[in-house]
Amino acid sequence: MCSPQEFGMNAWSGRMLTRSRSRSRGPGAGPRRCREEPEPLRKGEAAAERRKSHSPMKHQRKAQRLCVAYEGSDSEKGEGAEPLKVPVWEPQNWQQQLANIRAMRSKKDAPVDHLGAEHCYDSSAPPKQVRRYQVLLSLMLSSQTKDQVTAGAMQRLRAQGLTVDSILQTDDATLGKLIYPVGFWRSKVKYIKQTSAILQQCYGGDIPASVAELVALPGVGPKMAHLAMAVAWGIVSGIAAVDTHVHRIANRLRWTKKATKSPEETRTALEEWLPRELWHEINGLLVGFGQQTCLPVHPRCQGCLNQALCPAAQGL
């Protein structure tokens with residue numbers, strides 16, 4: 001608490017300060033407004049403020065605000081309006097070409113129809129630990145091998161009792177004799193043994209039910225994995241078994257947006273446009289068509305229903 005003398009001095013100082021501020025505001029100045037309420041601009045100040053409002057910086061800020069994007073209301077867009085769909089590329093005349101291939105393959109008399117890897121397992125065996133394992137093994141043997149050779153190797157293996165346990169109990173030399181002359185048979189002996197051991201230890205003798213797990217097995221590639229999913233598990237995970245036949249025919253018919261360099265690249269290109277309900281069918285159709293008509297060398301274009309629709313036939 002201050003003393004009366006101090007209080008008087010403070011009051012006198014306060015009055016002097018008030019008078020000084022009143023004089024600075026000029027004669028006739030009304031009561032001072034609250035701090036939150038701005039004082040009216042003088043004539044010179046108003047002009048300066050107007051010049052300031054027309055400065056380039058002010059225009060720049062206003063332009064930035066006008067460029068802000070906004071989302072229109074439902075009334076502007078229209079209720080129930082569907083999002084724009086990007087058109088999917090598809091080859092010309094592919095439906096007619098496919099219909100012609102179906103007609104040429106109606107007899108189902110190509111080697112793939114009876115001797116393909118998906119036909120080499122024992123259909124009467126229990127699915128778990130036997131049938132699905134045989135499907136996978138036949139696919140591993142089929143790589144770089146003709147269907148007739150794969151079928152013969154599978155017959156010899158099945159005669160010995162084709163299970164995970166029987167393969168692991170068979171020595172490498174005997175296993176090599178049983179699968180010879182499949183392509184790269186020495187490497188396949190090693191892969192079959194390694195894969196069988198993994199299946200016994202990690203999957204109870206069965207095979208995995210996903211593409212990711214299948215391709216992680218020694219000697220199993222994407223082509224085998226997708227076909228194993230379709231044949232062993234009944235799941236269409238992709239266009240199965242795009243081999244050299246499918247790769248060759250798809251490029252001859254221009255069924256890829258650009259030329260592809262490998263069967264796996266062709267599979268990816270086909271899946272981008274081919275309707276999913278055709279994925280399971282297309283492999284068998286094209287493989288048999290490649291075995292009988294659209295041969296690697298000297299294709300039989302004269303007897304092909306697609307001769308007038310095939311871009312490659314025009315240059316042969």
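About 40 Å³ of space lies in the second largest cavity of this predicted model. A cavity here is a set of points on a 1 Å grid, laid over the protein atoms alone, where a 1.4 Å probe fits but cannot get out. Grid points are joined across faces, edges and corners, and a volume is the space filled by probe spheres set on the points. Its lining is made of H226, A230, I235, V236, S237, G238, A240, W279 and H280, where a lining residue has an atom within 4 Å of a point. The helices α13 and α16 are the elements that give two or more residues to this lining. Sorted by class, the lining of the second largest cavity has five nonpolar residues, four polar ones and no charged ones. For these classes, Ala, Val, Leu, Ile, Met, Phe, Trp, Tyr, Cys and Pro count as nonpolar, Asp, Glu, Lys and Arg as charged, and the others, Gly among them, as polar.

Residues are numbered from 1 along each chain as its sequence is written, side-chain values use heavy atoms, and hydrogens and water are left out. As the model is predicted, local features need pLDDT of at least 70 and side-chain atom pairs count only at pLDDT 80 or more, while totals for chains, interfaces and linings use all residues.

How many cavities of 30 Å³ or more are there? The count comes to two. The largest cavity holds about 130 Å³ of space. It is lined by 16 residues, and F289, C294, C301, C304 and C310 lie nearest its centre. Eleven residues of this lining are nonpolar, three are polar and two are charged.

Now step back to the whole protein. Its secondary structure comes to 16 helices and zero strands; helices (H or I, at least four residues) and strands (E, at least two) are DSSP runs, numbered from the N terminus. Of the 316 residues in the protein, 36% are buried, where buried means under 20% relative accessible area, exposed over 50%, and partly exposed in between, with a 1.4 Å probe and protein chains only. Among contacts with a separation of 6 or more, 63% are between residues 24 or more positions apart; a contact means heavy atoms within 4.5 Å.

Next comes the largest pocket, with about 740 Å³ of space. Unlike a cavity, a pocket is an open set of points with protein on both sides within 12 Å along at least five of seven lines. Of the 29 residues that line the largest pocket, S142, T145, K223, D243 and T244 lie nearest its centre. Several helices supply at least two lining residues each, including α7 (127-142), α13 (222-232) and α14 (244-252). Which helix gives the most to this lining? That is α13, with four residues. The lining of the largest pocket has eleven nonpolar, eleven polar and seven charged residues.

In α14, eight of the nine residues are buried, and they pack against α15 and α16. D243 caps the N-terminal end of α14, with a side-chain oxygen 3.1 Å from the backbone nitrogen of H245. After α14 comes R254, whose phi is positive, near 60°. In α7, twelve of the 16 residues are buried, and what covers them includes α8, α11 (185-202) and α13. Q144 follows α7, and its phi is positive, near 55°.

Finally, look for the aromatic rings. A search of the whole structure finds four aromatic pairs; rings of Phe, Tyr and Trp (its six-membered ring) pair if their centres lie within 6.5 Å, and planes under 30 degrees apart count as stacked, over 60 as edge-to-face and the rest as tilted. The ring centres of W94 and W273 are 5.1 Å apart and the planes stand at 70°, so this pair is edge-to-face. W94 lies in helix α5 (residues 94-104) and W273 in the loop between α15 and α16, so the pair ties together parts that are 179 residues apart in sequence. Both W94 and W273 are buried. W273 also pairs with W255: the centres are 6.0 Å apart and the planes at 85°, so this pair is edge-to-face too. W255 is buried, with a relative accessible area of 1%. Ring pairs link W89, W94, W255 and W273 into a cluster.

Definitions and conventions. A polar contact is a pair of N or O atoms within 3.5 Å; within protein, one must be able to donate a hydrogen and the other to accept it, and residues adjacent in sequence count only if both atoms are side-chain atoms.
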